[in-house]
Amino acid sequence: MKMLESLRWRYATKKFDASKKISGEDLEYLKESIRLSPSSYGLQLFKVLIIEDEDLRKKLRPAAWDQSQITDASHLFVFCNYIKVEDEHIDEYVQLKADALGIDFSELSGYGDFVKGVLKEKDPKEVTAWTARQPYIALGNLLTACATQKIDACPMEGFEPEKFSEILGLEAANLQPVVLATVGYRSAEDQTKDQPKVRKPADRIFESR
């Protein structure tokens, strides 16, 4: 029930208190919640940039429809997916799994070859579209983790990915930004903080068959 209470408390914060910053301990908690997120095949084909630098965030703000959350929140999380999946991405996961199980890489190479084969059968655009969905799972974990710590957050798709990519030099790193999240603490001036949470009733969402 505590988690449900936290989820009822949270909302998409529109105005942050720029004077309040997240502690280092809380930031590590949020990062770990992202790291522990599930992902397809366990591959974690995404990267999260955590932008703290004020000047850099000022450069990014116009490319996010001039939304104040970009500069006023304590931290800006930029969730990126890999544009192209390389064999080394698969091998990295297989090695991590082998190390965790205390076995040799070769014992899991068959699984790695299977995943590589599945992906090579797909059109490159289809693969990119698939990897672009992966960060949203991690974003969900971040939002829930923020709520449990009474840290405010706002998921944001209102930005220009191409401009973000250019400013952050992402294309050269085989990355593209897909969704943002600003985290920090709500401002007393945020007019949306006291509005009731609006959600469909359960019988409009769930259907048993």
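Tutor: F114 is partly exposed, with a relative accessible area of 47%; the class covers values between buried, under 20%, and exposed, over 50%, taken with a 1.4 Å probe on protein chains only. The model is predicted, so local features need pLDDT of at least 70 and side-chain atom pairs pLDDT 80 or more, while totals for chains, interfaces and linings use all residues. Residues are numbered from 1 along each chain as its sequence is written, and side-chain values use heavy atoms, with hydrogens and water left out.

Y111 also counts as partly exposed, at 34% relative accessibility. The ring centres of Y111 and F114 are 6.5 Å apart and the planes meet at 35°, so this pair is tilted. Rings of Phe, Tyr and Trp (its six-membered ring) pair if their centres lie within 6.5 Å; planes under 30 degrees apart are stacked, over 60 edge-to-face, and the rest tilted. Both residues belong to helix 6, three residues apart, about one turn of the helix. Helices here are DSSP runs of H or I with at least four residues, strands are runs of E with at least two, and both are numbered from the N terminus.

By the ring rule there are four aromatic pairs. Another of them is Y93 with Y111: the centres lie 6.5 Å apart and the planes are at 55°, so this pair is tilted. Because Y93 sits in helix 5 and Y111 in helix 6 (residues 109–120), the contact ties together parts that are 18 residues apart in sequence. Y93, Y111 and F114 form one aromatic cluster.

A pocket is an open set of points on a 1 Å grid over the protein atoms alone, where a 1.4 Å probe fits, with protein on both sides within 12 Å along at least five of seven lines; lining residues have an atom within 4 Å of a point. Of the 14 lining residues, the closest to the pocket centre are G42, L43, Q44, Y93 and L96. Helix 5 (residues 87–101) gives the largest share of the lining, four residues.

A further aromatic residue, W9, has K150 over its face, at 5.1 Å from the ring centre. For this, NZ of Lys or CZ of Arg must be within 6 Å of the ring centre and within 35 degrees of the ring normal.
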